[in-house]
Each structure stands twice: as C-alpha cells, then as structure tokens.
Amino acid sequence: MSEPAELDVLRRHWHPVARSDAIDDGPVGVVMLGRRLVVFRSGGEACVASDRCPHRGSPLSLGSYDGDCLMCPYHGLRYAADGRCVAFPARPDARLPKRLTLDTLRTRECHGLVWACEGEPAADDPPAWGFYDRPDVQAFQIGPVRWDASASRVAENFNDIAHFSTIHRVTFGPSDRPVAPQEVVATDTGFASNISVFQQYRNTLDGSVEEVEAAYRYDFTFPFSSMLTITYPDGEIECIQMTALPESATSSLVFQQSARTNLGGDPLEPWRDFQDAVNDEDRVICEALQPREVSFGLDSSGEVALPTDVFSIAYRRLWKSLCST
C-alpha cells in the first residue's frame, strides 16, 4: 500500500464500492485500500461491513439474504443492517455474544452507486452527480472494471485533454492540432475547468468523423471522482461520470456511467459500446505507465511536467498539502 499519511487522507473520503443494482439479489465482495468488505442490502438499505463473520471467519460475500438479514454461508448466522448478529438457527435459544457484531462503515447510496467511508468523512456526501438521475435523459452504467493501475492514474487520465488525438484517434480524437490553454479552478470539493475541445462528432463506432468544437466542463471531486459535461453545437448534452475504488496502489475498480439528453433519439446500445471502447483505450495505456507502483499522490514518479498538465499539477499539489497537515 501507499504511505500512512495518504491512507489517512483516503480513509476520510467516500469511495464507490458497488453499483446499486449489484446488491439487490445478494451481497458483493470488494477490496478497499487492501481491506476486504462486503456490500449488502438490509431492509432496502445499502450496507458495507468487513467481509468476515466473527464466528469462524467465513467470507460473508459468499452468503445470501434471509429476509432483511445477511446470512453467513458457513453456519447461517443472520446479521442486521447495523452489523448485529440477530439469529443463530442452529441454536435459536442461545445467548449471542456482543462481540458477534460486524465492523460496519459509513454508507451512502446515490446516483446509481453505493459509496463507503472508513473514517470521519471530510464531506457529508459523495459527488453531486444529479445529471444521471434526471428523468429526461438516457443513461447507462459500465463495469465496474478492474484496471491494473493506481486510482490516481485513472483520475489524472480522465482529466487530461492532451491525449485525445493519440490514444483516442480511433474513437473520437481529432486530427493533430494545438490544445487550448486550460485553467483549473479550486472548488470546495476538488477542481473545475471549462475549455473548448475539438473532437469527432460521434458517440457510436460507425458515426461521423467530422470534427466539431464542443464545450467541455470538468468537475472533479477529490480523490478520484470525475464528471465531464459536454455540450455539442446542436445543444445536446452528454455527461460522463467516472470514479475508482482504490483496491491497492496498483489496482482499481473503475465505475463509469453516462447520461445524455439524446436530441436525436439514438439507441442506447451503440453509444454504450462506443464508451466502452473509449474506456478500454484509456485502460491499456494507464496499465502500461511506468513506474507502476507509486504513491497515490504520485510523488517520486520521475515524470516531467508540461504546460498541458495543469490538472495533474493542481491535483498533486492538493495531495501534498493534505498529506502534510
């Protein structure tokens, strides 16, 4: 894992642990900062706890639901939303020790995702991604997909505009042209920026390759959550939201979801396939970056900054300031 100061910072922030629909029929096991967790639903409520039954150490993510309870797959102990063991069917009359309680985490469910925070949250809620919830948009989710890369690499890549004409030349990248100057402004939760970007005007793999100038709005919520709102010349709005669960310093579970106003009434599947292809282009290059194992703040990476790296520079400075307090 990374440095203790960075881990302390990460434990105070919200991280995505599952899609909301992934836990409707049973629990899901994930790893956050090297810790194994179970994500489950109890009485309609999303819950996150250590993925270990205190009785004999069975992974609760292999269990199932019994009414409003999470059932251990080994001896059938039932756990409620607050982590208490409320039933032991093998001996219904047995007095259950107080230590038979799961270590639970703070949990929020919003915008199609379940979020967890291990410590005292630096912010009351996860990122404000309300565009995804609008009734007048077409929306989808991708993944989560495991990337063999640091969550910080995922965040920096999403907010980098200089790689479009190379990494994304097949999908939406424009012909070679200078990148417009970008200004990154600090916000209460991270950073924001507005910039005009040339790109191919398409969101399907067989769409037009004609280039247009679109208005890009980036809203980044520290540590790893990014939202890009694109306004096209015809007025259509596309919103791409990406976040990453830091499993370790070299592995992330990447969640991506998109919503658009869809003025043309286009079908959803080709658009989702297109975005999946874009994500895969990013994944391949992020997994190939060297060195693989760097701190979450990306210190000591041996890299050289260029004028187009305004987000990365601001991001790494923020990491440094948080880790030094």
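# Cysteines, sheet and cavities

Q: Is Cys 323 buried, partly exposed or exposed?
A: Buried means under 20% relative accessible area, exposed over 50%, and partly exposed in between, with a 1.4 Å probe and protein chains only. Cys 323 has a relative accessible area of 24%. Cys 323 is therefore partly exposed.

Q: Which pLDDT do local features need?
A: Residues are numbered from 1 along each chain as its sequence is written, and side-chain values use heavy atoms, without hydrogens or water. This is a predicted model: totals for chains, interfaces and linings use all residues, side-chain atom pairs count only at pLDDT 80 or more, and local features need pLDDT of at least 70.

Q: How many disulfides does the structure hold?
A: A disulfide here is a pair of cysteine sulfur atoms within 2.5 Å. Cys 53 is in none, with the nearest cysteine sulfur, that of Cys 72, 3.9 Å away. Cys 323 is in none either, and its nearest cysteine sulfur, that of Cys 117, is 16 Å away. The number of disulfides is zero.

Q: Which element gives the most residues to the lining of the largest cavity?
A: A cavity is a set of points on a 1 Å grid where a 1.4 Å probe fits but cannot get out, and lining residues have an atom within 4 Å of a point. The largest cavity, about 270 Å³, is lined by 23 residues, with Phe 172, Leu 228, Ile 240, Gln 275 and Val 278 nearest its centre. Elements giving two or more residues include S14 (211-221), S15 (225-231) and S16 (237-248). The most, five residues, come from H4.

Q: How many charged residues are in the lining of the second largest cavity?
A: Asp, Glu, Lys and Arg count as charged; Ala, Val, Leu, Ile, Met, Phe, Trp, Tyr, Cys and Pro as nonpolar; the others, Gly among them, as polar. S13 (190-200) and S14 each supply at least two residues of this lining. The lining has six nonpolar residues, three polar and, in the charged class, one.

Note on methods
On a 1 Å grid over the protein atoms alone, a cavity is a set of points where a 1.4 Å probe fits but cannot get out, and a pocket is an open set with protein on both sides within 12 Å along at least five of seven lines; lining residues have an atom within 4 Å of a point. Grid points are joined across faces, edges and corners, and a volume is the space filled by probe spheres set on the points. Helices (H or I, at least four residues) and strands (E, at least two) are DSSP runs, numbered from the N terminus.
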